[in-house]
Amino acid sequence: MKKEIVGLGILAVVATTCSAQYTTDTSYNYHMPPIQMQSRWAKEVSVTNALNEYPRPQLQRKNWFSLNGLWEYCITDSNIISPPIKFEENILVPYPIESALSGVQKKLMPDKLLWYRKKIQRPRTNNGERILLNFGAVDWQATVFINNKYVGEHSGGYLSFSFDVTDYLKLGDNEILVKVYDPSDKGLNPHGKQVLNPENIYYTASSGIWQTVWLETVPNTYISKLKTTPDIDKGILNIDVSTIGNLENTNLEIIISENGKVINTTKTPMTQKNKKESIKIPHARLWSPDDPFLYDLSIKILRGKKPGDEIKSYFGMRKVNIQKDEKGADRIFLNNTYTYNLGILDQGFWPEGLYTAPTDAALAFDIKTIKSLGFNTIRKHIKVEPERWYYHADKIGILVWQDFVNPPHGLPEGSRSIFEEEVQQTMEQLHSHPSIITWVLFNERWGAYDQERLTNWIKRYDSSRIVNGHSGELLYVDNQLREPASNPWIGSDMTDIHSYPNPRNAPSLPNKAKVIGEFGGIGVSVPSHEWDDMQGWGYMKVSPADFKKQYINMMLNLKKMESEGLSASIYTQPFDVEGEENGLLTYDREIIKIPVEELRNIHQQFVRQTNGFILDTNFVIAANINTNDNDDRYQDYINDYVKGKRDSIFLRRLVLMSIRKKDQTNTTIIGNSYINILTNPFSKENLLFIWKITKRSNDKGFEIFRTQSQKVDSVLGENTSISKVKSIIDAEEIAPYRSNPDWDAIQNKIAGKYGAIGEELVFGKQMIYYGFDANPRDWKKYSKYYVLYFERALKRPEYLINNMTWFIYENENDPKILEFALGVMKYAIEKWDKSPESFDTYAHLLHKLNKTSEAIPWEEKAVKLKKGAPDEKLYTDALQKMKAGLPTWPQNN
């Protein structure tokens, strides 16, 4: 995925500037924009200390310096390929542009480019030393320039990359320029749970530079890559060292130390770029969560007797595989001992940094917390973390199931090769971390394909770990299997199911361990510690007191399943994430929903609480939840309201309580009081809340949406107001009479009360009624109201135009109505709908109107887009009929 292309000359610089949304003064003081919640570490971040630890602990050098800090940035249209002349504002690297910690907090759209600029001094070099520019990760596609010269490009939002920039740097000032393209969830790129429109189990995207950027100087012959693979059965460590540069008269020296004492060393001539060595580890001390012991590793390149490149690293001696226990059950074994993997699903998001933890201490906190609660396993869920996260996992001692980041849903053409290349690079990048014991290929059915081939390929590529070929291809929700699967765990070392909320055992298959890849997901809201108090998503919602009871029962069930062969379980999840409130802790890591000691005691039946699980006694996790602060206090809140309490936090919480209590009368009264005290009701946050609480025509929000639609839509998006207004009118004036409607009476009443919007609504409802609800269906009236509705609502339709128009094509013969429908489809295709289904409908209408020569190219477009789809034949058959001049429409209409 990395392309290093040199010698392309000087960039043609054109007069490109960014839009004037921001001041052009880049000397302003950095500040984090206010957000609804933040963790305790956010306040520690400054422009001088942004993640300033060495970012690559397994290949560490002395000669380096961080480029984290303030960079200039600019956003341009994607068709502008030359860099901007003027950069308007600063961004704090390495925090994603969408995050508050970046200082920007702005969404990067797929039709835009993000540009970074940094001025630096050239590091001093001696004796032919080289200068490397390193990036921990940039999401998704990065192109690097230095002093207006193209250096190279890289694709892969979770992968590190480097460029040798020695020959691009001059004495004195230099300019680094990075161009970033990130389509988030709209492209071919693996993107995990990042989406442009977050809700439920999908979260805010993280674009651009989101891991450390740094420079380091190296000798002209240097170590570019290191892989270590332990073999505890033979008592050896296999080492694979890759180098760049002239190897003439060089030796490779390897020194292994245990607590500062050298236990083995070797020095051999370097005869090839990739050098493999096997070194004996006498009386190896094995790495495990109980004893996460790490050996120190020093590797040097010597030219004659002169020292050259030197790196510091570490490794752990451990083994993982599937073995049979004394009863013949296939289990997960760590270091030849059965080890139950009591795990939790960790997504790695932060309120202020999104994909990027605010500080290194925060990064380690999550792992320390999970282990302190008595878990011994983390499933790192469809995200690859910075190298330091895995360093902390190695050092603290936690088993890691590492998910690969899934290809996009629907597998658009080209996405498979990108996914497979990123899988391979992920395995290369993380290979040497002893904490990682399992690769997870696919999650549920998110972009899954060729499972047997890919699973076997991963096992051949890395035989030092076990492979979970498909986590949760069998997904149970409330005991119902969503979709059956054929041979769901082919090639895998595990049979893995997901079961929400309650766990259920996986089936037994030869040589495969039984695991529950996900379960739980129970939502518990904590007032004042919510990212989105309007959403609060979970597979089920319970009170804090009920949550503890549910959790204990789940663990008792798991223990019974373990006696029946279960080897592992992954609970969803350690922390709330944005609108998802099913964590053991809140998103800001401030409140824990079951006390720490109680969780540890519950987990002791699975994991021995040895010294490895007793961390620093000064380590503070979180405050305990107030189990009495819940919706049971609703009447107390109502009483306070009656007595005159009116502050905004109180009113906001009370109106949401009333919605959950289904108390519509008080929702209206309290909601109107809340809107009355808002100083800026037209801010996005306030309008979203007003939209949420507006249910009736006597709600104040209804009048805002009806009379201030243009102002509202400028903030929330086109047609938001009319959609809300119509839904309320429908609920009050049409829905109660839908079983036996008197349409003339309804039409007169609504048109008289609400004017043109009411009339438009009723025409649409009559179209739906005569086409779908009437018995028998009346296609003539359907056509009549199709025309009346789309004459008024074409630019803001409530219904899928293609679906509505298809019934006109099938059931109508009047050329005037068919021509009208053709115009409706033409408008939809031009404005927004480029689907094969719409091309197909448009072609059929043209064909029925005897415009077959125009129809055929449109049907050919539809066939091309449907290639390989299950219903491709329907389209190819229609095309053949059109070419043969045969009717494609039903002959009985």
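Select helix H15, residues 779-793 (helices are DSSP runs of H or I, at least four residues, numbered from the N terminus). Its buried residues are Tyr782, Ser783, Tyr785, Tyr786, Val787, Tyr789, Phe790 and Ala793 (buried: under 20% relative accessible area, 1.4 Å probe, protein chains only). This is a predicted model: local features need pLDDT of at least 70, side-chain atom pairs count only at pLDDT 80 or more, and totals for chains, interfaces and linings use all residues. Residues are numbered from 1 along each chain as its sequence is written, and side-chain values use heavy atoms, with hydrogens and water left out.

Now show the cover over those H15 residues. It includes H13 (720-734), H14 (743-773), H16 (801-811) and H17 (815-831).

Zoom to the start of H15. There, a side-chain oxygen of Asp778 comes within 3.3 Å of the backbone nitrogen of Lys780.

Next, select H9, residues 664-677. Its 14 residues should span 20 Å at 1.5 Å a residue, and the end C-alpha atoms are 20 Å apart, so the two agree (expected span: 1.5 Å times one less than the number of residues). Buried residues here are Gln664, Thr667, Thr668, Ile670, Gly671, Asn672, Ser673, Tyr674 and Ile675. They pack against H7 (634-642), H8 (648-660), H10 (684-693) and H11 (700-707).

Finish with H19 (852-865) and H20 (872-884). Their axes, lines fitted to C-alpha atoms over the stretch in contact, lie 10 Å apart at an angle of about 160°. H19 is therefore roughly antiparallel to H20 (angles over 145 degrees, on a scale from 0 to 180 between N-to-C directions). Colour the facing residues: Thr852, Ala855, Ile856, Glu859, Glu860, Ala862 and Val863 in H19 meet Tyr875, Thr876, Ala878, Leu879, Met882 and Lys883 in H20 (contact: heavy atoms within 4.5 Å).

Definitions and conventions: Helix = DSSP H or I, 4+ residues; strand = E, 2+ residues; numbered from the N terminus. Buried < 20%, exposed > 50% of the residue type's maximum accessible area, 1.4 Å probe, protein only. Polar contact = N/O pair within 3.5 Å; in protein donor to acceptor, adjacent residues only side chain to side chain. Parallel < 35°, antiparallel > 145°, perpendicular 65-115°, else oblique.
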